[in-house]
Amino acid sequence: MTTLTFSPVTDDDFAAFWPTFQAIVAAQETYAFAPDISFEAARDLWCKTPNASVVAKDENGQLLGAYYLKANAAGPGDHICNCGYMVTPAARGKGVARAMCEHSQQQARELGFLAMQYNAVVATNEVAVALWQKLGFSIVGTVPNAYRHARHGFVDTYVMYKAL
């Protein structure tokens with residue numbers, strides 16, 4: 001894998017990331033976002049609401065992926081964070097998701113979070129499930145038929161957790 005740099009998402013970064021975001025959401029295989037989400041709503045969701053929104057770029061400045069990090073809940077639950085990750089098609093299978101997850105865990109620790117929880121990992125997303133498990137996440141719950149997958153119909157989602 002190439003050397004990655006991580007930096008906060010800029011407006012230009014999100015514009016470059018938008019085709020990846022749009023394609024992933026439209027596929028309806030991994031994210032429970034409306035497939036017709038607007039650019040503005042997506043930017044707010046990915047960049048404005050979270051505590052951190054980060055892009056991963058290679059040594060040439062090519063955007064390879066992005067993630068957000070936010071509190072999973074409010075008030076007494078705000079010590080656990082939640083993240084979402086997306087990798088550009090050209091960067092898939094090259095360790096970018098792993099690097100972003102590792103970076104996000106460090107960011108989470110620096111922001112004072114004590115654990116990370118993924119609320120709805122689609123069970124058919126076997127690559128992601130296996131990666132998160134390799135990185136120390138456990139499946140702590142299964143929600144039956146919680147996701148309407150474009151190809152497989154109703155599939156389970158996993159709640160995955162890791163203490164930081």
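Me: Which helix is T20 found in?
Reply: This is a predicted model, where local features need pLDDT of at least 70, side-chain atom pairs count only at pLDDT 80 or more, and totals for chains, interfaces and linings use all residues. Residues are numbered from 1 along each chain as its sequence is written, and side-chain values use heavy atoms, without hydrogens and water. A helix is a DSSP run (H or I, at least four residues), numbered from the N terminus. T20 is found in helix α1.

Me: Is T20 buried or exposed?
Reply: T20 has a relative accessibility of 8%. Buried means under 20% relative accessible area, exposed over 50%, and partly exposed in between (1.4 Å probe, protein chains only). T20 therefore counts as buried.

Me: At what angle do α1 and α2 pack?
Reply: Helix α2 covers residues 39–48, and its axis lies 11 Å from that of α1. The axes are lines fitted to C-alpha atoms over the stretch in contact, with angles from 0 to 180 degrees between N-to-C directions. α1 is roughly perpendicular to α2 (65 to 115 degrees), because the angle is about 110 degrees.

Me: How many charged residues are in the contact of α1 with α2?
Reply: From α1, D11, F14, A15, F17, W18 and F21 meet F39, A42, R43, L45, W46 and C47 of α2. Asp, Glu, Lys and Arg count as charged. The contact has 10 nonpolar and no polar residues, and the charged ones number two.

Terms used. Helices (H or I, at least four residues) and strands (E, at least two) are DSSP runs, numbered from the N terminus. Angles under 35 degrees count as roughly parallel, over 145 as roughly antiparallel, 65 to 115 as roughly perpendicular and the rest as oblique. Contact means heavy atoms within 4.5 Å.
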